[in-house]
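Reader: I have a model open and some labels to check. Please set each value against its cut-off.

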Amino acid sequence: MIRRPPRSTPKPSSAASDVYKRQILDNHFHLNRNGRYLDAAKDFKNQGGTHLVLVHCPDFASPPTHIDEHRSTYADTIAMADEVRKHHDLNVRVVLGPHPAAFAHQFIRWMDEDEENGAERACENYRDSIDAALEFLHEGKAHAIGEVGRPHWPVSDEVWDLSNMLLEETMAMAAKENIALQLHVEGELESTYRDLSEMAERVNLSKNKLVRHYSPPQIDESTTRGLTSSVLVGKGALQPLMETYEQNKTGFMLETDYMDDPRRPGAVLGPKTVPKRTQQLLEAGMDEDALWRCHVDVPNAIYGVNEE
């Protein structure tokens with residue numbers, strides 16, 4: 001069940017502690033039935049994790065080409081979330097959507113095959129994928145659309161423009177539906193945040209509903225422009241995060257982008273990382289109120305309160 005949160009989730013009172021024992025959420029986590037799957041979720045829990053945001057990961061070699069295929073692959077991600085809840089008693093939110101890398105390659109291939117109609121076919125397939133994801137949100141089985149965005153590597157002007165057109169179209173849909181988007185975009189700071197902020201303004205989407213996945217750890221408000229940062233917490237992230245988090249008003253979350261890819265064990269970061277980094281942030285001097293907002297208040301405001 002999904003419900004809108006109150007203005008602020010009550011924070012349990014407790015004396016300051018050297019050990020963080022409250023809710024810990026990883027905001028971007030993939031699972032693969034052919035990977036470590038439930039064992040990866042178990043590692044997260046055993047390290048102190050309590051809440052996962054499970055993000056749909058397509059078959060990049062053969063992404064769906066029909067709305068029924070989108071529904072089927074999304075349904076499997078939802079089934080995996082149910083199995084994680086059942087086996088490990090973790091709270092799991094689900095994010096469904098068309099990964100921009102898969103669709104950029106599809107744009108390129110289809111346009112090469114059919115110069116006249118390939119782009120239109122690719123755009124229709126993208127819109128089908130959004131419509132299928134939205135169906136599951138309306139049923140209460142998913143909590144946001146993502147990861148959507150644009151290529152993070154050089155592409156032709158045509159593919160770049162198509163990707164931006166569809167991204168802004170998706171933002172307009174999110175504004176109408178009052179839902180959040182998890183974004184997969186290129187790594188630049190000022191130019192990327194500026195572009196995304198201007199897109200949101202054009203379609204009247206609340207900027208905090210744009211969650212920048214794989215965010216750099218520099219999260220001062222002058223940089224993020226009101227978007228919500230989902231910070232990739234590799235080893236080098238802690239110092240810039242500590243230096244800028246107090247200048248962030250919108251809110252931030254932490255993530256691993258754990259891939260669960262048997263060909264690349266531990267990529268991008270391992271499943272234990274967010275609980276470990278949370279403890280390290282506490283030890284480095286981040287106050288528990290800030291960590292509570294990161295792990296509880298911000299996700300509740302973005303996704304709604306998930307009671308499953």
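Predicted model: local features only at pLDDT ≥ 70, side-chain atom pairs only at ≥ 80, totals over all residues.

Reader: Why is I145 called buried?

Author: Buried means under 20% relative accessible area, exposed over 50%, partly exposed in between (1.4 Å probe, protein chains only). I145 has 0% relative accessibility, so it counts as buried. I145 lies in strand 5, residues 144–149.

Reader: Which residues touch I145, leaving aside neighbours within four places in sequence?

Author: Contact means heavy atoms within 4.5 Å. By that rule I145 meets V95, L96, I130, A133, L134, L137, M173, I179, A180, L181 and Q182. As for V55, 90 residues away along the chain, its C-alpha lies 9.1 Å from that of I145.

Reader: What makes a set of residues a nonpolar core?

Author: The members are buried Ala, Val, Leu, Ile, Met, Phe, Trp, Tyr and Cys residues, joined through side-chain atoms within 4.5 Å. The largest such core has 58 residues, and I145, M171 and L183 have the most contacts inside it. Helix 4 gives the largest share of this core, 10 residues. Apart from it lies another core of 20 residues, including Y20 and W292.

Reader: Why is helix 2 called oblique to helix 4?

Author: Axes are lines fitted to C-alpha atoms over the stretch in contact, with angles from 0 to 180 degrees between N-to-C directions. Helix 2 and helix 4 pack at about 40°, with axes 9 Å apart. Under 35 degrees is roughly parallel, over 145 roughly antiparallel, 65 to 115 roughly perpendicular, and the rest oblique. That angle therefore makes helix 2 oblique to helix 4.

Reader: Which residues of helix 2 make the contact?

Author: Helix 2 brings I67, H70, R71, Y74, A75 and I78. Among the helix 4 partners are N125, D128 and F136.

Reader: Which residues of helix 1 are buried?

Author: L38, A40, A41, D43 and F44 are. Their cover includes strand 2, strand 3, helix 2 and helix 9.

Terms used: Residues numbered from 1 in each chain as written. Heavy atoms only, no water. Helix = DSSP H or I, 4+ residues; strand = E, 2+ residues; numbered from the N terminus.
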